[in-house]
Amino acid sequence: MDLVPAPEPASLVERVAKMHIEGKSPTGMFGFHVPTVCGKFVRTTKWEKTWTACFTNLLNDVIKYDNETNGHWPEFDAACKQVIAVVIPRLLGALQSDGRNIEPVLIHGDLWEQNVGIDMETGDTILFDPGCFYAHNEMEFGTWRASWACHFNSPIYMRLYQRHIEPSEPVDEWDDRNRLYSIHIYLNDSAGHPGSISRATIELMKPRAYNDMLYLCEKYAPLEGLGTYRPENDVSVTGAYIEHETTKMSHLHHAVKT
(Lines give C-alpha, C1' and ligand atoms only; values in the text may rest on other atoms or scores of the structure.)
Protein backbone atom coordinates (compact mmCIF):
# COMPACT_ATOMS: atom_id res chain seq x y z
CA MET A 1 0.00 0.00 0.00
CA ASP A 2 1.32 3.44 -0.96
CA LEU A 3 0.65 6.24 1.53
CA VAL A 4 2.48 9.03 -0.30
CA PRO A 5 0.36 10.11 -3.30
CA ALA A 6 -2.79 12.16 -2.97
CA PRO A 7 -5.88 9.92 -3.18
CA GLU A 8 -7.81 10.31 -6.42
CA PRO A 9 -10.61 12.71 -5.36
CA ALA A 10 -13.59 11.10 -7.08
CA SER A 11 -12.69 7.60 -5.90
CA LEU A 12 -12.11 8.69 -2.31
CA VAL A 13 -15.24 10.77 -1.86
CA GLU A 14 -17.41 8.14 -3.52
CA ARG A 15 -16.21 5.61 -0.96
CA VAL A 16 -16.74 7.98 1.95
CA ALA A 17 -20.17 9.08 0.74
CA LYS A 18 -21.22 5.45 0.24
CA MET A 19 -20.32 4.71 3.87
CA HIS A 20 -22.32 7.73 5.05
CA ILE A 21 -25.35 6.89 2.91
CA GLU A 22 -25.51 3.18 3.71
CA GLY A 23 -24.26 3.23 7.32
CA LYS A 24 -27.48 3.90 9.19
CA SER A 25 -27.60 3.89 12.98
CA PRO A 26 -29.35 0.71 14.22
CA THR A 27 -30.91 2.66 17.09
CA GLY A 28 -31.64 5.88 15.24
CA MET A 29 -29.39 7.62 17.78
CA PHE A 30 -25.88 9.07 17.82
CA GLY A 31 -23.05 7.07 19.37
CA PHE A 32 -21.96 3.45 19.20
CA HIS A 33 -22.60 0.19 21.01
CA VAL A 34 -19.04 0.13 22.41
CA PRO A 35 -16.49 2.87 23.17
CA THR A 36 -14.25 3.63 20.19
CA VAL A 37 -10.79 5.18 19.96
CA CYS A 38 -9.28 8.16 18.15
CA GLY A 39 -5.50 8.00 18.26
CA LYS A 40 -4.83 6.47 21.66
CA PHE A 41 -7.81 7.98 23.47
CA VAL A 42 -11.14 6.31 24.23
CA ARG A 43 -14.23 8.22 23.18
CA THR A 44 -17.49 8.44 25.09
CA THR A 45 -19.90 7.02 22.53
CA LYS A 46 -22.97 6.21 24.61
CA TRP A 47 -26.22 6.49 22.68
CA GLU A 48 -27.69 10.00 22.56
CA LYS A 49 -30.86 11.25 20.91
CA THR A 50 -29.30 14.57 19.91
CA TRP A 51 -26.07 15.33 18.11
CA THR A 52 -25.53 18.23 20.53
CA ALA A 53 -25.32 15.82 23.47
CA CYS A 54 -23.14 13.34 21.59
CA PHE A 55 -20.61 15.91 20.41
CA THR A 56 -20.54 17.54 23.85
CA ASN A 57 -19.44 14.16 25.26
CA LEU A 58 -16.69 13.91 22.64
CA LEU A 59 -15.38 17.43 23.18
CA ASN A 60 -15.43 17.04 26.96
CA ASP A 61 -13.34 13.90 26.50
CA VAL A 62 -10.54 15.60 24.55
CA ILE A 63 -10.57 18.66 26.80
CA LYS A 64 -10.02 16.35 29.77
CA TYR A 65 -7.29 14.36 28.03
CA ASP A 66 -5.55 17.52 26.88
CA ASN A 67 -5.57 19.05 30.36
CA GLU A 68 -4.17 15.82 31.79
CA THR A 69 -1.32 15.97 29.26
CA ASN A 70 -0.55 19.67 29.09
CA GLY A 71 -1.99 21.10 32.29
CA HIS A 72 -4.70 23.68 32.91
CA TRP A 73 -4.56 27.13 31.35
CA PRO A 74 -7.16 29.60 32.71
CA GLU A 75 -7.89 31.43 29.43
CA PHE A 76 -8.27 28.13 27.60
CA ASP A 77 -10.50 26.72 30.35
CA ALA A 78 -12.81 29.74 30.08
CA ALA A 79 -13.10 29.36 26.32
CA CYS A 80 -13.82 25.62 26.66
CA LYS A 81 -16.64 26.30 29.12
CA GLN A 82 -18.22 28.88 26.81
CA VAL A 83 -18.03 26.56 23.82
CA ILE A 84 -19.60 23.69 25.77
CA ALA A 85 -22.29 25.80 27.43
CA VAL A 86 -23.34 28.09 24.58
CA VAL A 87 -21.62 27.55 21.22
CA ILE A 88 -22.41 23.85 20.81
CA PRO A 89 -26.10 24.15 21.78
CA ARG A 90 -26.48 27.10 19.40
CA LEU A 91 -24.44 25.86 16.43
CA LEU A 92 -25.25 22.13 16.54
CA GLY A 93 -28.66 22.56 18.08
CA ALA A 94 -29.71 24.40 14.93
CA LEU A 95 -29.29 21.14 13.00
CA GLN A 96 -32.21 19.62 14.90
CA SER A 97 -34.55 22.54 15.52
CA ASP A 98 -37.15 24.61 13.66
CA GLY A 99 -38.20 21.59 11.61
CA ARG A 100 -34.65 20.60 10.65
CA ASN A 101 -33.21 17.16 11.33
CA ILE A 102 -30.05 15.14 10.65
CA GLU A 103 -29.66 11.39 10.53
CA PRO A 104 -26.84 9.68 12.44
CA VAL A 105 -24.56 7.87 9.98
CA LEU A 106 -21.44 5.75 10.26
CA ILE A 107 -18.27 7.80 9.91
CA HIS A 108 -14.64 6.67 9.73
CA GLY A 109 -13.88 8.96 12.65
CA ASP A 110 -10.19 9.67 11.96
CA LEU A 111 -10.04 10.37 8.24
CA TRP A 112 -6.73 12.06 7.45
CA GLU A 113 -3.91 11.45 4.99
CA GLN A 114 -2.02 8.89 7.06
CA ASN A 115 -5.14 6.72 7.34
CA VAL A 116 -5.74 6.62 3.58
CA GLY A 117 -3.64 4.66 1.07
CA ILE A 118 -3.57 3.35 -2.48
CA ASP A 119 -3.57 -0.38 -3.22
CA MET A 120 -0.34 -0.97 -5.16
CA GLU A 121 -1.91 -3.70 -7.32
CA THR A 122 -5.43 -2.43 -7.99
CA GLY A 123 -5.06 1.32 -7.52
CA ASP A 124 -8.09 1.30 -5.21
CA THR A 125 -8.37 3.79 -2.36
CA ILE A 126 -8.12 2.11 1.05
CA LEU A 127 -9.36 3.65 4.31
CA PHE A 128 -7.94 2.12 7.50
CA ASP A 129 -7.41 2.67 11.24
CA PRO A 130 -10.96 3.92 11.88
CA GLY A 131 -12.56 5.18 15.06
CA CYS A 132 -16.10 4.61 13.83
CA PHE A 133 -19.35 5.72 15.41
CA TYR A 134 -22.69 7.11 14.28
CA ALA A 135 -22.44 10.86 13.96
CA HIS A 136 -23.32 13.90 11.90
CA ASN A 137 -21.67 13.15 8.56
CA GLU A 138 -19.91 16.54 8.49
CA MET A 139 -17.82 15.65 11.54
CA GLU A 140 -15.80 13.42 9.22
CA PHE A 141 -14.12 16.48 7.74
CA GLY A 142 -12.80 18.33 10.77
CA THR A 143 -9.42 16.74 10.08
CA TRP A 144 -9.42 18.19 6.56
CA ARG A 145 -9.21 21.70 8.04
CA ALA A 146 -6.23 20.93 10.29
CA SER A 147 -2.88 22.64 9.79
CA TRP A 148 -1.25 19.32 8.82
CA ALA A 149 -3.73 18.52 6.00
CA CYS A 150 -1.67 18.32 2.82
CA HIS A 151 -4.15 16.78 0.36
CA PHE A 152 -7.60 17.04 1.88
CA ASN A 153 -7.39 20.81 2.34
CA SER A 154 -7.87 21.07 -1.42
CA PRO A 155 -11.48 22.19 -2.07
CA ILE A 156 -11.92 19.56 -4.81
CA TYR A 157 -12.48 16.78 -2.25
CA MET A 158 -15.29 18.58 -0.44
CA ARG A 159 -16.90 19.85 -3.63
CA LEU A 160 -17.07 16.33 -5.05
CA TYR A 161 -18.37 14.92 -1.76
CA GLN A 162 -21.16 17.50 -1.68
CA ARG A 163 -22.35 16.25 -5.06
CA HIS A 164 -23.28 13.05 -3.21
CA ILE A 165 -24.46 14.60 0.07
CA GLU A 166 -25.37 18.27 0.33
CA PRO A 167 -24.44 20.35 3.38
CA SER A 168 -26.86 20.22 6.28
CA GLU A 169 -29.16 23.13 7.01
CA PRO A 170 -28.38 25.86 7.95
CA VAL A 171 -26.01 25.71 4.96
CA ASP A 172 -24.46 29.10 5.73
CA GLU A 173 -23.13 27.71 9.03
CA TRP A 174 -21.29 24.80 7.41
CA ASP A 175 -17.86 26.39 7.78
CA ASP A 176 -18.46 27.24 11.43
CA ARG A 177 -19.49 23.64 12.14
CA ASN A 178 -16.36 22.46 10.32
CA ARG A 179 -14.26 24.76 12.52
CA LEU A 180 -15.94 23.35 15.63
CA TYR A 181 -15.27 19.78 14.51
CA SER A 182 -11.62 20.62 13.84
CA ILE A 183 -11.24 21.76 17.47
CA HIS A 184 -11.97 18.17 18.52
CA ILE A 185 -9.18 16.77 16.37
CA TYR A 186 -6.73 19.51 17.39
CA LEU A 187 -7.26 18.74 21.07
CA ASN A 188 -7.05 15.00 20.49
CA ASP A 189 -3.71 15.64 18.77
CA SER A 190 -2.53 17.99 21.52
CA ALA A 191 -3.38 15.43 24.19
CA GLY A 192 -1.36 12.79 22.36
CA HIS A 193 1.67 15.00 21.73
CA PRO A 194 2.70 17.10 24.77
CA GLY A 195 3.60 20.66 23.82
CA SER A 196 1.93 20.46 20.41
CA ILE A 197 0.86 23.80 18.93
CA SER A 198 -2.51 22.21 18.22
CA ARG A 199 -3.48 23.76 21.54
CA ALA A 200 -0.36 25.53 22.84
CA THR A 201 -0.48 28.60 25.08
CA ILE A 202 -0.36 32.26 24.24
CA GLU A 203 3.29 32.28 25.23
CA LEU A 204 4.10 29.22 23.11
CA MET A 205 3.78 30.03 19.42
CA LYS A 206 0.32 30.06 17.81
CA PRO A 207 -2.56 28.29 19.58
CA ARG A 208 -4.83 26.58 17.03
CA ALA A 209 -7.75 25.15 19.00
CA TYR A 210 -7.90 28.10 21.38
CA ASN A 211 -7.97 30.59 18.51
CA ASP A 212 -10.79 28.70 16.80
CA MET A 213 -12.73 28.63 20.07
CA LEU A 214 -12.38 32.40 20.35
CA TYR A 215 -13.64 32.85 16.78
CA LEU A 216 -16.78 30.83 17.52
CA CYS A 217 -17.33 32.50 20.89
CA GLU A 218 -17.06 35.99 19.36
CA LYS A 219 -19.61 35.03 16.71
CA TYR A 220 -22.10 32.97 18.70
CA ALA A 221 -21.46 33.50 22.40
CA PRO A 222 -19.60 36.72 23.28
CA LEU A 223 -18.32 36.77 26.85
CA GLU A 224 -16.46 39.59 28.51
CA GLY A 225 -12.97 38.59 29.60
CA LEU A 226 -12.28 36.03 26.87
CA GLY A 227 -9.25 36.49 24.64
CA THR A 228 -9.39 37.87 21.11
CA TYR A 229 -9.49 35.78 17.93
CA ARG A 230 -6.42 36.40 15.76
CA PRO A 231 -6.80 35.78 12.01
CA GLU A 232 -3.02 35.63 11.61
CA ASN A 233 -3.11 32.39 13.67
CA ASP A 234 -5.96 30.88 11.61
CA VAL A 235 -4.78 28.36 9.01
CA SER A 236 -8.05 28.72 7.09
CA VAL A 237 -7.05 32.36 6.56
CA THR A 238 -3.28 32.07 6.14
CA GLY A 239 -3.12 28.69 4.39
CA ALA A 240 -0.20 27.73 6.63
CA TYR A 241 0.91 24.09 6.57
CA ILE A 242 2.58 22.52 9.60
CA GLU A 243 3.75 18.92 9.54
CA HIS A 244 2.00 16.59 11.94
CA GLU A 245 4.14 15.29 14.79
CA THR A 246 4.08 11.74 13.40
CA THR A 247 5.36 13.00 10.03
CA LYS A 248 8.20 14.83 11.75
CA MET A 249 9.11 11.67 13.65
CA SER A 250 9.03 9.66 10.41
CA HIS A 251 11.43 12.12 8.76
CA LEU A 252 13.74 12.00 11.80
CA HIS A 253 13.74 8.19 11.79
CA HIS A 254 14.59 8.16 8.08
CA ALA A 255 17.40 10.67 8.62
CA VAL A 256 18.89 8.56 11.43
CA LYS A 257 18.77 5.41 9.30
CA THR A 258 20.53 7.08 6.37
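Visitor: Which element gives the most to the lining of the largest pocket?

Guide: That is α4, with five residues. Here a helix is a DSSP run of H or I with at least four residues and a strand a run of E with at least two, both numbered from the N terminus. This is a predicted model, in which local features need pLDDT of at least 70 and side-chain atom pairs pLDDT 80 or more, while totals for chains, interfaces and linings use all residues. Residues are numbered from 1 along each chain as its sequence is written, and side-chain values use heavy atoms, leaving out hydrogens and water.

Visitor: Which residues lie nearest the centre of that largest pocket?

Guide: Trp-144, Arg-145, Phe-152, Asn-153 and Asn-178 do, out of 22 lining residues. The elements that give two or more residues to this lining are α4 (155-164), α5 (174-192) and α7 (235-238). The pocket holds about 480 Å³ of space.

Visitor: What makes something a pocket or a cavity?

Guide: On a 1 Å grid over the protein atoms alone, points where a 1.4 Å probe fits but cannot get out form a cavity, whereas a pocket is an open set with protein on both sides within 12 Å along at least five of seven lines; a lining residue has an atom within 4 Å of a point. Points are joined across faces, edges and corners, and the volume is the space filled by probe spheres set on them. The structure holds three cavities of 30 Å³ or more.

Visitor: What is known about the largest cavity?

Guide: Its volume is about 90 Å³. The largest cavity has 13 lining residues, and Arg-43, Gly-109, Met-139, Thr-143 and Ile-185 lie nearest its centre. Helix α5 supplies the largest share of this lining, three residues.

Visitor: Why is Thr-45 called buried?

Guide: Buried means under 20% relative accessible area, exposed over 50%, and partly exposed in between, with a 1.4 Å probe and protein chains only. Thr-45 has 4% relative accessibility, so it counts as buried. It is found in the loop between β2 (41-42) and α2. Leaving aside residues up to four places away in sequence, Thr-45 touches Gly-31, Phe-32, Val-34, Pro-35, Thr-36 and Phe-133, where touching means heavy atoms within 4.5 Å.

Visitor: How do you know that α2 is largely enclosed by the rest of the structure?

Guide: Of the 20 residues of α2, 14 are buried, so the helix is largely enclosed.

Visitor: What does the span of α2 look like beside the expected one?

Guide: Helix α2 (residues 51-70) reaches 28 Å from its first C-alpha to its last, close to the expected 28 Å. The expected value is 1.5 Å times one less than the number of residues. Just after α2, Gly-71 takes a positive phi of about 85°.

Visitor: What makes the phi of Asp-98 and of Asp-129 worth a remark?

Guide: Most residues other than glycine have a negative phi, and most peptide bonds are trans. Asp-98 has a positive phi of about 55°, and Asp-129 also has a positive phi of about 55°. Asp-98 sits in the loop between α3 (74-91) and β3 (105-107) and, at 69% relative accessible area, is exposed. Asp-129 is in the loop between β5 and β6; its 47% makes it partly exposed.

Visitor: Where is a cis peptide bond found?

Guide: It joins Glu-169 and Pro-170, with omega about 0°. Pro-170 lies in the loop between α4 and α5.
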